[in-house]
Amino acid sequence: MAKVTLNHVYKRFANNVVAVDDFHLDIHDQEFLVLVGPSGCGKSTTLRMIAGLEEISEGDLYIGDRLVNDVAPKDRDIAMVFQSYALYPHMNVYENMAFGLKLRKFSKAEINQRIEEAARILDISHLLDRKPKALSGGQRQRVALGRAIVREPQVFLMDEPLSNLDAKLRVQMRTEILKLHQRLNTTVIYVTHDQTEAMTMGDRIVVMKDGLIQQVATPHEIYNHPVNQFVASFIGSPSMNFLNGRLVEKDGQLHFEGEHIHLRLPDDKAKVLRDRGYVNKSIIFGIRPEDMYSDHQFLEANPFESSLDAHIDVVENMGSELYIYFNNIGRTQMVARVDAREGLKPRMSIRLGLDLSKCHVFDSETQVAVF
Amino acid sequence: MDWRNKVEKIAQSTNLPIRYLECSNHEVDQLHMEQEKDGWEICNVTRMDDRTIGVMIQPEHWHPSARSLLELLFTPISNVDPFTGWLVQLLEVPTTPPPRYVREQAWRDRRLCFFLQRCQTESRMDMEWSALQPLLKDFFPGADASLQLVPLQPELCLLLVPLSYLDTDNKLEREIALELAFGLHEMLSCEWMEKFRVLVSLPIEQPASVGVSFLQLHTLSLALQRFCPKIMVAASWQYPLERWASTLSPETFSQVVDGLSAVLPFSPLTHEQRETLETLFARQLNVSEAARQLFLHRNTLLYRLDKITEATGLDPRHFPDAVLLQLHLLFRRN
């Protein structure tokens, strides 16, 4: 177990493309850190630099207190689980898991003990004699994890390890990996492009875009206080709604004026915007789908200019809730998550109340969050 | 003492038929055939840059023990052994395998030929391939003595693994070969922790066939680097279209691109459309299999295919249209 420190790390390729730009982060001992972002954001390159599979162009990398920039990957005391894992087809499950330990000259007793323990954790004790061809997809994934676990490395590196599994198995394995982390108490650095995986698994999340860290925070912080419009849009499903408009003063109150929408901002939010000089300026207004309500109780409790009239285009029934899509506001498609009991249908018009205490405002030029 | 002096001294002292041979690398086969007609045989050969140096004898005059001594006396001048030299030479001109190698290496069983290509382009290129030998021996337990690692270039080597010791379990040889290639790639990634491309050929019968397999795999490697750079594991019988396209001259290639643009005038496909088509083609146009591979409902895939038909005028479920779309994918992205 160890902390990992990336000290102003850069990755530049020969064609002057900067894949990772000034990555500076301390990953705590025993932390489950998730790197998330769209394709090409540099998350896998960062992980591969930690593994030693890519050379660091500039900056320092420490595992524990040891500078490892020039240490060969196999000597870094890490274990990596890849997206496209394969088992050794001519060896049974036991031999697959024992292989790395035999290479490192562990005693038979030690190998047995580690494999038994890992197999018990992964619930594959009954499969140890089987060849890979006799295993299901989920069982194979467990064996691949087992091969990494028995090494008892200082750090686990996982590069989209679940993306080759079907949706149901992916959810199941997500929980398994979390349980595993709780039992092993090892530092895990996990790369994914799936924001749900990031939110559900990470102690902290690093959101990346174009090689740059956008935000490092807990899932709660990232979701509720995104630092910019990109993070706000990337994290959360369905994504946050954004509307362009202006802030204007009327009768001592601050209002957001957009196309077919007029909202009076709460006093605490208005004060921040006034203090930051946004009055009479363009802004981007953001509201998450679950912060819009169609029920009468909410509308009655929030009567003051905090609602909009939606003409429903599409209703997605998720069972316990409905996603309703409409695009009659601000020339953009918006989505609200409402109670399934509301019984809404396409082509209906409804009034949606917005919980403005949870709204977000972004600078229209820099896309940086005001709050 | 150089080989020429040694040969002269041996000829003087033994009075046995022995000759020194020196020629350019591409002349060696012709010379060898001519000398063979007169009863001469190359007993030792080595290469120095573009020159081949060798020793020839008339074998019927030489006692086997004397021949063994000759082989000890004429050690290769460079570090490149004749077998390696032969394979490297094959990339330039067709040549026959060194007779000594073929003679000594008569296999009792067939072998799988793996092509290991290091993809690390930076400072770790100085690795000695021999460092990998212990790891490979552990990975193929039981194949110890007959496991053969043939380093060809700093980033390239061949690995010959006897098939006999593997538990083939009545499985198709192609399946076994490909599964082992995936396993080998995984092992190198996890234990050696380096990015390799691992290619495999069908089992080969005799050492002389290594050259053919090597050339097939080399062609495949060039094709993958150019058309499918993300593919790290493949077999010699796969990617036939890519292999063919990689052999085209730049002029022909550009003519094909122009020709395709004329008959397929639609705008570039999206990433999702390309992924959909590639998966469908990899699954032999089997929609259900492709849907499973893409984790989609079959109807969703059908909808996507309908949209592709709408955009291109070609239905990927129909073989002639699929051929055009595959050519489009192959040539347009380059």
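Q: Glu176(A) and Arg142(A): buried or exposed?
A: Both Glu176(A) and Arg142(A) are buried. Keep in mind that this is a predicted model.

Q: How do their side chains meet?
A: Glu176(A) and Arg142(A) form a salt bridge, at 3.9 Å from N to O. Glu176(A) sits in helix H5 (residues 167-184) of chain A and Arg142(A) in helix H4 (residues 137-149) of chain A, so the pair ties together parts 34 residues apart in sequence.

Q: Nice. Now Arg151(A), what does its side chain meet in a salt bridge?
A: Its partner is Glu191(B), at 3.9 Å from N to O. This pair crosses between chains: Arg151(A) is in the loop between H4 and strand S7 (155-159) of chain A, and Glu191(B) is in helix H7 (residues 173-192) of chain B.

Q: And why does Arg151(A) count as buried?
A: Because its relative accessible area is 13%, and buried means under 20%. Glu191(B) is buried as well, with 8%.

Q: Changing topic: where are Arg331(A) and Glu259(A)?
A: Arg331(A) is in the loop between strand S17 (321-326) and strand S18 (334-339) of chain A, while Glu259(A) is in the loop between strand S12 (253-258) and strand S13 (261-264) of chain A, 72 residues apart. Their side chains meet in a salt bridge of 3.1 Å, N to O.

Q: Arg331(A), buried or exposed?
A: Arg331(A) counts as exposed, at 72% relative accessibility, whereas Glu259(A) is partly exposed at 33%.

Q: Last one: how many salt bridges are there over all chains?
A: The structure holds 31.

Methods. Residues are numbered from 1 along each chain as its sequence is written. Chains are lettered from A and ligands numbered from 1 in the order in which they are written. This is a predicted model: local features need pLDDT of at least 70, side-chain atom pairs count only at pLDDT 80 or more; totals for chains, interfaces and linings use all residues. Side-chain values use heavy atoms; hydrogens and water are left out. A salt bridge is a side-chain nitrogen of Lys or Arg within 4 Å of a carboxyl oxygen of Asp or Glu. Helices (H or I, at least four residues) and strands (E, at least two) are DSSP runs, numbered from the N terminus. Buried means under 20% relative accessible area, exposed over 50%, partly exposed in between (1.4 Å probe, protein chains only).
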